[in-house]
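These are my notebook entries on a single chain, set down in the order in which I looked things up. The sequence and the structure come before the entries.

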Amino acid sequence: MENPEHYEYRIQINPYLLNEDLNITFAGAARPEPGHKIGPAVHPYILIHTVQRGYGTFVWQGKSCRLGQGDTFVIFPGVLFSYQADHAEPWSYCWVAVQGPQALELLKKTGVSTTDPIVRGADPEHLASLYETIERVLEQQLGEAVTALATDGWFRLLLAEFARLNAHKLRYSSAEPLTDSERVVEQAIRWFQTQYMLPVSIEQLAASLGYHRTHFTKVFKQLTSLSPKQYINQVRMERAKELLRTNLSIEQVGNSCGFTDPLYFSKQFKHWTGESPSRFREGLRRGADG
């Protein structure tokens with residue numbers, strides 16, 4: 001597509017129905033002439049630009065920022081903006097437009113917001129490959145489902161780069177950053193809560209987190225009041241209680257919670273709850289009937 005104020009200009013539009021939560025509406029790239037300006041204006045969608053080379057100025061909410069190679073600026077819906085190519089070394093950039101509340105939430109997670117819409121220091125060639133892949137997907141018109149899944153995936157990879165570049169902002173975004181010990185315990189808890197059905201080696205887990213088993217156990221207990229072994233048993237037993245409400249057999253419940261021996265599972269469950277799995281299930285059924 002030709003544009004009289006650009007040396008180069010291309011755009012690919014999504015030809016399919018809009019996804020209400022997240023929809024890539026178009027993507028492209030441009031090399032405008034010196035001094036070329038857009039705005040002041042507002043858009044009804046999110047528009048993301050990453051500078052490939054040269055310089056320009058982005059203005060939003062009364063603030064002005066000079067940008068160059070590897071910098072990204074994000075225009076948010078309803079926010080007054082303008083941007084202008086440098087007169088001596090005009091920029092070239094790639095862009096993608098996206099709509100939907102999920103897009104706003106994802107951007108927020110990367111540290112990008114209406115008050116801080118700039119991400120600096122990217123590898124422009126790497127980001128250009130992501131933008132160009134989104135363009136190709138839109139150009140191929142492979143159907144609504146394929147287009148939505150593919151553009152969503154590549155867009156998330158783009159956001160992952162923004163989050164990586166904004167790691168210093170995200171790390172200190174809370175009033176009280178986590179200590180090293182808190183961070184390690186938080187990682188362990190996430191592992192226990194998602195991998196409870198797998199065999200657990202506390203020693204190997206501690207080593208993967210950079211701790212000796214003894215020190216890891218001490219720190220974990222200080223912060224949770226439970227040893228790692230007690231904690232994962234608690235997770236398993238709470239999950240077993242939930243599964244005993246289903247039609248799974250006792251053996252299937254045990255296997256689903258990391259116990260390959262049904263007798264050992266029954267013994268551990270009784271030790272934890274005071275009842276065997278079958279007695280616990282009977283109590284649930286009596287309560288439902290009553």
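Predicted model: local features only at pLDDT ≥ 70, side-chain atom pairs only at ≥ 80, totals over all residues.

**Conventions.** I take the expected span of a helix as 1.5 Å times one less than its number of residues. Helices (H or I, at least four residues) and strands (E, at least two) are DSSP runs, numbered from the N terminus. Residues are numbered from 1 along each chain as its sequence is written, and side-chain values use heavy atoms, with hydrogens and water left out.

**Entry 1: helix 7.** I began with the length of helix 7, residues 213–224. Its twelve residues should span 16 Å at 1.5 Å a residue, and the end C-alpha atoms are 16 Å apart, which agrees. I then listed its buried residues, which are Phe 216, Val 219 and Phe 220. Buried here means under 20% relative accessible area, exposed over 50%, and partly exposed in between (1.4 Å probe, protein chains only). Viewed down the axis of helix 7, the buried residues fall within an arc of 100°, so they line one face of the helix. The arc is that of the directions from the helix axis to the C-beta atoms. On the face turned away from the buried side I found the exposed residues Thr 214, Lys 218 and Gln 222.

Against what do the buried residues of helix 7 pack? I recorded helix 5 (180–195), helix 6 (202–208) and helix 8 (228–243). Contact means heavy atoms within 4.5 Å.

**Entry 2: the end of helix 7.** Ser 225 follows helix 7 and is found in the loop between helix 7 and helix 8. Its phi is near 70°, a positive value in a residue other than glycine. I noted this because most residues other than glycine have a negative phi. Ser 225 is exposed, with a relative accessible area of 60%.

**Entry 3: helix 8 and helix 5.** For helix 8, the 16 residues should span 22 Å at 1.5 Å a residue; I find the end C-alpha atoms 23 Å apart, which agrees. Its buried residues include Pro 228, Tyr 231, Ile 232 and Val 235. I next examined how helix 5 and helix 8 pack: the angle is about 35° and the axes are 9 Å apart. Axes are lines fitted to C-alpha atoms, for helices over the stretch in contact, and angles run from 0 to 180 degrees between N-to-C directions. The crossing of helix 5 and helix 8 is right-handed. The contact is made by Ile 189, Trp 191, Phe 192 and Gln 193 of helix 5 and by Pro 228, Tyr 231, Ile 232 and Val 235 of helix 8. A crossing is right-handed if the near helix is turned clockwise from the far one by less than a right angle, and left-handed if anticlockwise.

**Entry 4: helix 10.** Helix 10 (residues 262–273) has twelve residues and reaches 16 Å from its first C-alpha to its last, close to the 16 Å expected at 1.5 Å a residue. I list Phe 265, Gln 268 and Phe 269 as its buried residues. Down the axis of helix 10 these fall within an arc of 100°, so they line one face of the helix. The face turned away from them carries the exposed residues Leu 263, Lys 267 and His 271. At the start of helix 10, a side-chain oxygen of Asp 261 reaches to within 2.9 Å of the backbone nitrogen of Leu 263. After helix 10 comes Gly 274, whose phi is positive, near 90°.

Entry 5: Is Glu 135 buried or exposed? At 6% relative accessibility, Glu 135 counts as buried; it lies in helix 2 (residues 124–140). Leaving aside neighbours within four places in sequence, I find Glu 135 in contact with Arg 10, Gln 12, Ala 27, Gly 28 and Ala 29.

Asp 71 is in the loop between strand 6 (63–67) and strand 7 (72–75) and is buried, with a relative accessible area of 8%. Its side chain reaches the backbone nitrogen of Gly 68 at 2.9 Å. Not counting residues up to four places away in sequence, Asp 71 touches His 49, Thr 50, Val 51, Val 119, Arg 120 and Gly 121.

**Entry 6: backbone exceptions.** A cis peptide bond joins Gly 39 and Pro 40, with omega about 5°. Pro 40 lies in strand 3 (residues 37–41).

Technical notes: Polar contact = N/O pair within 3.5 Å; in protein donor to acceptor, adjacent residues only side chain to side chain.
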